[in-house]
Structures are given as structure tokens and as C-alpha cells.
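Dear colleague,

Please find below the structure that I am handing over to you. My notes on it follow the display.

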Amino acid sequence: MPTSLLHIGMDDTDSPRGGCTTYIAALLVERLLELGARFVDHPNLVRLNPNVPWKTRGNGAVCLRLDCDPALEGAVKEAVVEAVEANAEFDCDNTNPGIVFHAGEVPDPLRTFARRAIQGVVALDEAETLIEEHCASAVGYKNMRGIIGALAAVGERLDGDHTYELLAYRTRENRGRRRRLDAASIVEMDRATKGETFSNLDPETGRPLIAPHGPDPVLFGVRGESAEAVHRAGMMVETGEPVERWVIFRTNQGTDAHLRRLTGLSDLEPYNPAIVVGEAAARPRTIPGGHVICVLKDDTGQVDCAAYEPTGSFRDIVRHLIPGDRVRAYGGVRAPDREGRKTLNLEKLEVLRLAPDLRQVNPLCPECGGGTESMGRGQGYRCRRCGRRHRGLTKRVVEVDRGLVPGLYLPPPRAQRHLTKPLERYGKEKSGYVPGGLYEPWHWP
Ligand code: ATP
């Protein structure tokens, strides 16, 4: 039977009141398998630029990649449209679902578009032109914005570094209620799968991080390096409520895919993630709310870098910077303020070089070596130990211990973005993806 590749991208079906595009994907897994389609990859969960202002939560889009008999294509497309129409949160103003169908290999312009949607901001008409030129068809609802994410999900083949997430969903009657998960089983799962899963617990608070808090249908998600690892880990989580279904997604979470190196601070643009190198221009300041602001400068300009209150102990690292420190800053640029000033919200900070912290202190007593105190402006110093007075002494310069060493610093996992590569993933980056069938089992039921 002749078959052909069919990629199905979907996005923007949820609202703060509920829903989740991954859940529609999970429903479709079952439906499309029933129809006779064969999945050639795990469903892909593609996180796009986390700094776009109109995202609901984590700016996630989904792509299903199938091998399907061309005679089935009509029924498959119908099932997808039906699932989106039955489950998307159409009532929410900010929900603008989009579906993109693409047949055959993914052409380069779609891959480039995906990269730009992960690392920057793209326009709807660019997506529409590409769909017209390359794709079989697309369905957009309301202001159609969802087709941007749907097309980007199709275009991102996740053929560089990638991770996996097993997402388990709640039954309808439990949605909106407090999630019932056994914390001890999560601690045990984390211990048993160390190195193979990540961001299960927040080490500072001991709080489990695998469950969201909103009304969406996700019960929990376990992130890891392989489908096997997230499956093993997911099965260890004990729940006090039934699991309706689960699916293992392949994703760009935890890979830093959004961060692009820029050559100068003047290249920073609102809503864009970036990596820049600069020098601290002043001592950081703490502003109301407990946020810490540090000004970085280079030959092209300067920018405020912000470590927000929820980043906890990460703020202490930023507070330790002094003028002259050279750092690499990773983060996303906020909307410009009224004066047009840009702020980079820090996701990571790499201290490259520390400036010496030189301070002027009172001289030592030349007679006994004791500490001295000033006798008043221009009056000289008196030894605290032997009491002798010295008129001609001046302050001396000492180097103070910085209490900070060069290296990479991240906020605690509870404050990290989905795309941020956590410390525990460093050294585990995958250089590619070899399509070779799916791990079994990759979904239930
Ligand atoms: P999640 O499914 O994790 O909850 P989300 O709900 O946070 O994701 P969406 O509701 O999908 O985000 O809203 C994001 C909207 O922004 C979508 O319409 C998407 O097409 C669009 N979008 C995503 N990335 C970009 C980008 N880089 N440039 C322009 N528009 C984007």
C-alpha cells in the first residue's frame, strides 16, 4: 500500500481557563491509530519563543508526524479538525487556534521559519505565504494567529539536541481540583532516575515540579533524556486520582533552543531571547518587590538586566557583581518601558572574569601593627591597640574577597523556563536524532 508522510501542526487551542494543545494531540493519537495511521515519530512538543506577549503559558505547539495511506488523508484531516473544534477554548479572546497539514519532507524554508519562531517574533503573513508555497492546507480560526505556531511545529524536526516528556492527563471530573500526587513517590522517582530525568524537584524548597497548578488537563509531566527514562519515571509516580491517558512527547524543552548569541548589546530587541557578553557598569540595585537590576555595558551600548524575585538565590549571584566584572547574560528582552529602555530578564548568568574589589581602609599602626581609627578629617589616625597618634598616615588599599567565582549560574529549577537547559543537562546534549521507530509503549491507552 503506498504511503506518504503527513505532518500535522496545531497551536493556540487553550486559555487560562483550561485546555491544552498537548491534550488534543493525546486524544488524536488514539483516534488516528484507530483510523490506521502510523506514527513515524513521538508527537513533537515544540516550545516557541517564551517572550512573545500573547502566549497563554509556555508557548507550546504540537506536531504529529504520520505515515499514512493517501486514501486515509481525508479522514485524518477531518479527525484533526473535529478534535480541535471540540476541545479548543474558542470563547477566550486570546485563543486563536491554527492547524497546518504538510505532506512529504519538511523543506528548508519551513525549518528556517521554525527557528525564527523559537528565537524571535514572526508575522502571520509570513506563515500564510509559506503555507501557500509549501503546505497541503491549513485551517485558522478567529484571528488565525495559531497557524504561526502550527507551522513552526511542523518546521522544527527536533533533529539536534532534544528531550522527552511523558505527559499524564486527568479525568474530566477532576480538572480544576487540586492535583493529588504522592510526593514521596516523586522523590523516589527522582532518586531512581537521576541523570536520566530532570527538573522533577526544586532542590531549595524540595517542592515537586512535575505538576502544573492551573485548570488544564495535565496531571503531571516527567522530563528526561530518553523515552525509556520518562516512561520508567512516569510509572513510578503514584497518583491519588485516575490517569485518563498519557503520551510521551519528543521536545526541545531543556535545550536552550531559544537563545541566540548576539554580537553587541545594541542588537537586543524587545521580545527576543538572547545571549550577550558585557561588563557590569555599576553595583546592582534591589528594587521594590525584591527584584535585582544590574546594568551591563559594551562598546555598543548598555542594558538593564533583571533577576526577578521568584529567581530566589540567583539574585544573590547578581547582587555580588561589581563594576568591571565580565559576564555572559542569557535571557529574554521585555517590552520596552515608557522611555524606550530595554531590560533583559535573566535566565542564566555566566561570570567570565571578576574585577578585583579594591577598598580603601584605615592604615595599620606603624609601631605595633594594630588597627587605627580616624581622629577626624585631616587629623591623622590613632592606634586602637597602643593608642599612639600618627598625623602623616593615609588610607591603604586592600583587595576584598569577592565571595563569587567564575562559572555558570542558573535560577533554581522552579523559576526556569521550559526551554532553559538546566545545569543537570550540561554534557548530555544530543547531536542528532536518528529516526528509528518509537519507544514502546509511548502512549496509553
Ligand atoms: P501552551 O500550549 O504551552 O499553553 P501557550 O498557550 O502559552 O502554549 P498559545 O496559546 O499557543 O501559547 O499562544 C501563543 C500564540 O502566539 C499562538 O497563536 C502562536 O501561533 C503565536 N506565536 C508563537 N510563537 C510566536 C512567535 N515567535 N512569533 C509570533 N507569534 C508566535
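How many helices and strands does the secondary structure of the chain come to? In this predicted model, the chain has eight helices and 23 strands. Its C-alpha atoms fill a box of roughly 100 × 50 × 40 Å, taken along the principal axes. The chain has 445 residues, of which 52% count as buried.

**The nonpolar core**

The largest nonpolar core consists of 35 residues. Within this core, Ile8, Met10, Leu28, Leu32 and Leu64 touch the most other members. At least two residues of the core come from each of several elements, namely strand E1 (4-11), helix H1 (21-35), strand E4 (60-68), helix H2 (73-87), strand E5 (98-103), strand E7 (163-170) and strand E10 (243-251). Helix H1 contributes the most, with seven residues. The core also draws on two domains: domain 1 (4-157) and domain 2 (163-256) each provide at least three of its residues.

**The ligand and its surroundings**

The shell around the ligand is made up of 22 residues, and those that come nearest are Asp12, Asp14, Thr56, Arg57 and Asn59. Among the elements of secondary structure, helix H5 (residues 146-155) gives the most to the shell, with three residues.

One oxygen atom of the ligand is 2.9 Å from an N or O atom in the side chain of tryptophan 54. At glycine 58, a polar backbone atom is 3.1 Å from an oxygen atom of the ligand. A nitrogen atom of the ligand, in turn, is 2.8 Å from a polar backbone atom of alanine 117. On its own the ligand has 640 Å² of accessible area, and the protein covers 98% of this.

**Aspartate 14**

One of the nearest residues to the ligand, aspartate 14, may be considered separately. Aspartate 14 is located in the loop between E1 and H1. Is this residue buried or exposed? Aspartate 14 counts as buried because its relative accessibility is 11%, and the cut-off for buried is under 20%. Its side chain is joined to that of arginine 57 by a polar contact of 2.8 Å. Arginine 57 is likewise among the residues that come nearest to the ligand.

Yours sincerely

Conventions. Residues numbered from 1 in each chain as written. Predicted model: local features only at pLDDT ≥ 70, side-chain atom pairs only at ≥ 80, totals over all residues. Heavy atoms only, no water. Near = heavy atom within 4 Å. Polar contact = N/O pair within 3.5 Å; in protein donor to acceptor, adjacent residues only side chain to side chain. Areas by Shrake-Rupley, 256 points an atom, 1.4 Å probe, with all protein chains shown as cover. Helix = DSSP H or I, 4+ residues; strand = E, 2+ residues; numbered from the N terminus. Core = buried A, V, L, I, M, F, W, Y, C linked by side-chain atoms within 4.5 Å. Buried < 20%, exposed > 50% of the residue type's maximum accessible area, 1.4 Å probe, protein only. Domains from an automatic or database assignment.
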